[in-house]
Amino acid sequence: MGRRALRKVDPNLDLTRHFREAEDLLASFSRATLFECDAPLEVEVGSGKGLFLAQVSAENPGRNFLGSEIARKYARYAAARLAKQHSANAIVICGDALALFQRCFTDASLAAVHVYFPDPWWKKRHKKRRVMNEQFLRDVERTLVSGGRLHFWTDVEEYFQTTLALVRATVNLAGPLVVAEQPAEHDLDYRTHFERRTRKSELPVYRAEFEKRQTQR
Ligand SMILES: C[S@@+](CC[C@H](N)C(=O)[O-])C[C@H]1O[C@@H](n2cnc3c(N)ncnc32)[C@H](O)[C@@H]1O
């Protein structure tokens, strides 16, 4: 599925609280400088237009949300959405999410990790570019708190099955836990824009959650 042209971000909108460059954070990452309050942190990989961040941050003021998006125009668009709703608990980092996991997030520091409709990289020679890879899964397992969840949704059945097998082979997360589809109650009542497009096209969405096991004492 292709993507429609993106609407321009209002140049008068102040994005300073909601948009940051990853390269400015990698050397000295500090959650305290990104959010107004300390709270459990959830991270989204590949935020696209930012629908998930906008909705969950408004619904969960007691949690912080960090979206990562490698494409600058989408990162700015998602940040603009947060700025318009004066979000105090969500931010978009422009850059490679995998580098953030490797270099910024400490052990047992994330309440949840969300990966929705990651680029499938169809060609065999490009599959190594997929974000759901062995190193990333190890970083997810390392950074989640006990009981924290990895949420993975896609419209590509092959990517789904390959990832389920990779999780089984690579990390010790419980799952896949079944995620039921919820009826949409209004036109934006979807987890993300890609979920909206997929369901409006009456195509299947494959959803799984995995939970970090409680550490043994
Ligand atoms: C297919 S889109 C899905 C966007 C959104 N999650 C949704 O469901 O509507 C995948 C997004 O992931 C972003 N992306 C791909 N690789 C990434 C990476 N390594 N770090 C951060 N974002 C990435 C792409 O730029 C793209 O916006």
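**Figure 1. P176 in strand β7 of the predicted model.** P176 is found in strand β7, which covers residues 173-177; the model shown here and in the other views is predicted. The peptide bond that leads from G175 to P176 is cis. Its omega angle is near 10°.

**Figure 2. H86 and its backbone angle.** H86 sits in the loop that joins α3 (72-84) to β4 (90-94). The phi angle of H86 is near 50°. This is a positive value, and H86 is a residue other than glycine.

**Figure 3. The shell of residues around the ligand.** There are 17 residues around the ligand, and those that come nearest are G46, E69, D96, Y116 and T192. Sorted by class, the shell consists of seven nonpolar, six polar and four charged residues.

Figure 4. In the side chain of E69, an N or O atom is 2.5 Å from an oxygen atom of the ligand. For I70, a polar backbone atom is 3.2 Å from a nitrogen atom of the ligand. For H193, a backbone N or O atom lies 3.5 Å from a ligand oxygen atom. The ligand taken alone exposes 600 Å², and the protein buries 91% of that area. Two elements, β3 (64-69) and α7 (193-200), each give two or more residues to the shell around the ligand.

**Figure 5. The second largest pocket.** Rolling a probe the size of a water molecule over the atoms shows where empty space is left. The second largest pocket holds about 350 Å³ of space. It is lined by 17 residues, of which W153, Q182, D189, Y190 and R191 are the closest to the pocket centre. The elements that give two or more residues to this lining are α2 (51-59) and α7. The largest share, five residues, comes from α2. By class, the lining of the second largest pocket has eight nonpolar, two polar and seven charged residues.

**Figure 6. The salt bridge between R17 and E36.** Side chains of opposite charge can pair when their charged atoms come close. The structure holds 16 salt bridges, and one of them is formed by R17 with E36. The closest N and O atoms of R17 and E36 are 2.5 Å apart. R17 lies in the segment before β1 (19-21), whereas E36 lies in the loop between α1 (22-25) and β2 (41-45), so the pair ties together parts that are 19 residues apart in sequence.

Notes: Residues numbered from 1 in each chain as written. Predicted model: local features only at pLDDT ≥ 70, side-chain atom pairs only at ≥ 80, totals over all residues. Heavy atoms only, no water. Near = heavy atom within 4 Å. Polar contact = N/O pair within 3.5 Å; in protein donor to acceptor, adjacent residues only side chain to side chain. Areas by Shrake-Rupley, 256 points an atom, 1.4 Å probe, with all protein chains shown as cover. Helix = DSSP H or I, 4+ residues; strand = E, 2+ residues; numbered from the N terminus. Nonpolar A, V, L, I, M, F, W, Y, C, P; charged D, E, K, R; others polar. 1 Å grid on protein atoms, 1.4 Å probe; cavity = no way out; pocket = protein on both sides within 12 Å on 5 of 7 lines; lining within 4 Å. Points joined across faces, edges and corners; volume = space filled by probe spheres on them. Salt bridge = Lys/Arg side-chain N within 4 Å of Asp/Glu carboxyl O.
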